[in-house]
Amino acid sequence: MKFGLRKPSIKKSISARTTGRAKRAFKKAVIPGYGKKGMGWIKNPKKAAYNKVYKKTSFSIFDLFK
């Protein structure tokens, strides 16, 4: 488990920004429950718990400027 400052990844940042809106809209239309709050706990509770703790114990360098 990571504690403290997260190292930013340029590649992942660009990938997240360029994932198409059409792709997300298509998934939302086809897959029931896609993009709904709390679906991670139903699909994979172990990963959802890990992500919740990770989000609370680490921070990005960009959070320092907020």
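The following questions and answers concern a predicted model of a protein.

Me: What pattern of helices and strands does the protein follow along its sequence?
Reply: The predicted model contains four helices and two strands. Read along the sequence, these elements follow the pattern β-α-α-α-α-β.

Me: Is the protein spread out or compact by the globule rule, and what is its radius of gyration?
Reply: For 66 residues the globule rule gives 11 Å, and the protein lies well over that value, so it is more spread out than a compact globule. Along its principal axes, the C-alpha trace spans about 40 × 30 × 20 Å. The radius of gyration is 15 Å.

Me: What percentage of the residues of the protein count as buried?
Reply: A residue counts as buried under 20% relative accessible area. The accessible surface of the protein comes to about 6400 Å², and carbon and sulfur atoms account for 63% of that surface. Of the 66 residues, the share that counts as buried is 5%.

Me: Among contacts between residues at least 6 apart in sequence, what percentage join residues at least 24 apart?
Reply: The contacts considered here are those between residues at least 6 apart in sequence. Within that set, the share joining residues at least 24 apart is 71%.

Me: Are the rings of Tyr-50 and Tyr-54 stacked or edge-to-face?
Reply: The protein has one aromatic pair. The ring centres of Tyr-50 and Tyr-54 are 6.2 Å apart and their planes meet at 15°. Planes under 30 degrees apart count as stacked, whereas those over 60 count as edge-to-face. The pair is therefore stacked.

Me: Is Ser-58 buried or exposed?
Reply: Ser-58 has its place in strand E2 (residues 58–59). Its relative accessibility is 6%, and the cut-off for burial is under 20%. Ser-58 therefore counts as buried.

Me: Which residue has its backbone oxygen 2.7 Å from a polar atom of the side chain of Ser-58?
Reply: Besides the polar contact with Arg-6, a polar atom of the Ser-58 side chain lies 2.7 Å from a backbone oxygen. That oxygen belongs to Tyr-54.

Methods. Residues numbered from 1 in each chain as written. Predicted model: local features only at pLDDT ≥ 70, side-chain atom pairs only at ≥ 80, totals over all residues. Heavy atoms only, no water. Rg over C-alpha atoms; globule rule 2.2 N^0.38 Å. Buried < 20%, exposed > 50% of the residue type's maximum accessible area, 1.4 Å probe, protein only. Contact = heavy atoms within 4.5 Å. Areas by Shrake-Rupley, 256 points an atom, 1.4 Å probe, with all protein chains shown as cover. Phe/Tyr/Trp six-rings, centres within 6.5 Å; stacked < 30°, edge-to-face > 60°. Polar contact = N/O pair within 3.5 Å; in protein donor to acceptor, adjacent residues only side chain to side chain.
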